[in-house]
Amino acid sequence: MVRFDPFRELEELQERLARAFGTAPQQGPRVYAPPVDVLEDEAGLHLHIYLPGVEPDKVEVVAEEGVLSVKAERPFEKRENVAYHRLEGPYGIFARSFNVPSTFDLSRVQAKFRHGVLHLTVPKAEASKPKKIQVQVE
């Protein structure tokens with residue numbers, strides 16, 4: 001269901017270690033995998049993607065060919081005459097993709113952004129919902 005990128009995990013660990021020891025982080029655009037909660041109930045699949053500090057207009061959700069992708073950006077705007085002693089907040093590009101089984105209908109994804117959390121709902125496909133069969137008497 002969730003695409004795992006071991007190299008992204010290693011890059012994030014390397015950056016956290018660099019920050020902990022006070023060394024300079026890697027220069028250039030950095031792509032982060034935001035934390036996510038994935039839940040399923042009788043209505044469908046629910047994803048809660050944590051994007052603190054991201055403006056809603058910087059969030060993009062794309063559903064195609066069985067994959068649900070989320071991309072967002074929280075740019076760092078360096079101010080002049082300011083000494084930055086520590087920056088632990090995530091800045092840059094956030095991206096995450098999920099393989100979604102055909103039992104869910106990607107054409108009806110709903111997205112809501114509330115308090116820094118993107119809430120995605122992917123309803124179950126009609127074909128996968130239980131159907132009550134009427135028994136006929138002859």
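Guide: What follows is a discussion of this structure, which is a predicted model.

Visitor: How are contacts read in terms of sequence separation?

Guide: Consider the contacts in the protein chain with a separation of 6 or more: residues 24 or more positions apart account for 50% of them.

Visitor: Next, the sheet. Which strands form the open sheet, and in what order?

Guide: Four strands form it in the order β1-β6-β5-β4, and the pairing is mixed. The edges are β1 (31-32) and β4 (59-64); each has a single partner strand, so one side of each is left without a neighbour in the sheet.

Visitor: In what sense do β4 and β5 pair?

Guide: Their pairing is antiparallel and extends over six bridges. As an example of a bridge, Val-61 has Val-70 in β5 as its partner.

Visitor: How should I approach the nonpolar interior?

Guide: The general idea is that nonpolar side chains tend to be buried together in soluble globular proteins. In this model, the largest nonpolar core has 18 residues, and those with the most contacts inside it include Leu-47, Leu-68, Leu-120 and Val-122. Strands β3 (44-50), β5, β6 and β8 each supply at least two residues of this core.

Visitor: Which residues does Leu-120 touch, leaving aside those up to four places away in sequence?

Guide: Among them are Leu-45, Leu-47, Ile-49, Val-61, Leu-68, Val-70 and Val-109.

Visitor: What does Val-36 touch, with sequence neighbours up to four places away not counted?

Guide: Val-36, placed in strand β2, touches Leu-47, His-48, Ile-49, Tyr-50, Arg-96 and Phe-98. Val-36 and Leu-47 are eleven residues apart in sequence, with their C-alpha atoms 6.7 Å apart in space.

Visitor: Where does a nonpolar patch lie on the surface?

Guide: Leu-10, Leu-13, Leu-17 and Phe-21 form such a patch, and together they have about 440 Å² of accessible area. Leu-10 lies in helix α1 (residues 6-20). Its relative accessibility is 52%, so Leu-10 counts as exposed, the cut-off being over 50%.

Visitor: How are the salt bridges to be read, and how many are there?

Guide: In general, side chains of opposite charge can pair when their charged atoms come close. Here the count comes to three salt bridges. Glu-40 and Lys-124 form one of them, with their closest N and O atoms 3.8 Å apart. This pair links distant parts of the chain, since Glu-40 is in strand β2 (residues 36-40) and Lys-124 is in the segment after β8, 84 residues apart. Glu-40 has 53% relative accessibility and counts as exposed.

Visitor: Which side chains form the other salt bridges?

Guide: Glu-88 and Arg-86 meet at 2.8 Å, N to O. Arg-86 counts as exposed, at 61% relative accessibility. Arg-108 pairs with Asp-105, their closest N and O atoms being 3.0 Å apart. Arg-108 is partly exposed, with a relative accessible area of 37%.

Visitor: Lastly, the backbone. Which residues other than glycine have a positive phi?

Guide: Asn-81 is one example, with phi near 60°; His-115 is another, with phi near 55°. Asn-81 is found in the loop between β5 (67-74) and β6 (92-99), while His-115 is in the loop between β7 (110-114) and β8 (117-123).

Visitor: Is Asn-81 buried or exposed, and is His-115 buried or exposed?

Guide: Asn-81 is exposed, with a relative accessible area of 82%. His-115 is exposed as well, at 79%.

Methods. Residues numbered from 1 in each chain as written. Predicted model: local features only at pLDDT ≥ 70, side-chain atom pairs only at ≥ 80, totals over all residues. Heavy atoms only, no water. Buried < 20%, exposed > 50% of the residue type's maximum accessible area, 1.4 Å probe, protein only. Salt bridge = Lys/Arg side-chain N within 4 Å of Asp/Glu carboxyl O. Contact = heavy atoms within 4.5 Å. Pairing = 2+ DSSP bridges. Patch = residues over 30% accessible without salt bridge, like charges linked within 9 Å, V, L, I, M, F, W, Y side chains within 5 Å. Areas by Shrake-Rupley, 256 points an atom, 1.4 Å probe, with all protein chains shown as cover. Core = buried A, V, L, I, M, F, W, Y, C linked by side-chain atoms within 4.5 Å.
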